[in-house]
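Dear colleague,

I am handing over a structure for you to look through, and below it I have written down what was found in it. Please open it first and keep it beside you as you read.

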Amino acid sequence: MEKVLNFVMRAVLGTIAIYFINTALEKVGISLGVGINAATVLTSGILGFPGLLALYGIGIYRLL
């Protein structure tokens with residue numbers, strides 16, 4: 001039960017973080033295209049903060 005709650009909390013907080021990071025990046029004119037979908041929610045839920053870094057790292061790699 002604790003693992004399920006931990007996963008849900010990481011997924012919810014990761015989704016909120018993606019939203020606010022995308023908003024902040026768009027205000028400065030950078031669009032990385034990290035969307036909120038099942039794959040990104042699962043990535044942030046399973047991996048947590050390193051998963052968010054990986055998603056934005058992939059976005060930066062695609063930008064180059």
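This is a predicted model: local features need pLDDT of at least 70, side-chain atom pairs count only at pLDDT 80 or more; totals for chains, interfaces and linings use all residues.

Residues are numbered from 1 along each chain as its sequence is written, and side-chain values use heavy atoms, with hydrogens and water left out.

The overall plan

The protein has three helices and zero strands, in the order α-α-α from the N terminus on; helices (H or I, at least four residues) and strands (E, at least two) are DSSP runs, numbered from the N terminus. Taken along the principal axes, the C-alpha atoms fill a box of roughly 40 × 20 × 15 Å. Of the 64 residues, 23% are buried, where buried means under 20% relative accessible area, exposed means over 50%, and partly exposed lies in between (1.4 Å probe, protein chains only). Among the contacts (heavy atoms within 4.5 Å) with a separation of 6 or more, 65% are between residues 24 or more positions apart.

Helix α1

Helix α1 covers residues 2-27, and because 26 residues at 1.5 Å a residue should span 38 Å, the 38 Å between its end C-alpha atoms agrees with expectation; the expected span is 1.5 Å times one less than the number of residues. A11, G14, I18 and N22 are buried in α1, and the buried residues of this helix pack against α2 (38-47) and α3. N22, for instance, has a relative accessible area of 17% and touches V34 and Y56, if residues up to four places away in sequence are not counted. Just after α1, G29 takes a positive phi of about 90°.

The core

The largest nonpolar core is made up of six residues, I18, L32, V34, L52, L55 and Y56, and helix α3 (residues 49-63) gives the largest share of it, three residues. Such a core is a set of buried Ala, Val, Leu, Ile, Met, Phe, Trp, Tyr and Cys residues joined through side-chain atoms within 4.5 Å. Leaving out residues up to four places away in sequence, L52 touches G14, A17, I18 and S44. T40, which lies in helix α2, is buried at a relative accessible area of 7%, and, with neighbours within four places in sequence set aside, T40 is in contact with I18, V34, G35 and L55.

The surface

V4, L5, V8, M9, V12, L13, I16, Y19, F20 and I36 make a nonpolar surface patch of about 950 Å². M9 lies in helix α1 and counts as partly exposed because its relative accessibility is 44%. I30, in the loop between α1 and α2, is partly exposed at 36%. From C-alpha to C-alpha, I30 and M9 are 28 Å apart in space, and they are 21 residues apart in sequence.

With best wishes

Conventions. Patches are made of residues with over 30% relative accessible area and no salt bridge: like charges are joined within 9 Å, nonpolar side chains (Val, Leu, Ile, Met, Phe, Trp, Tyr) within 5 Å. Accessible areas come from the Shrake-Rupley method with a 1.4 Å probe; for residues, only the protein chains shown count as cover. A salt bridge is a side-chain nitrogen of Lys or Arg within 4 Å of a carboxyl oxygen of Asp or Glu.
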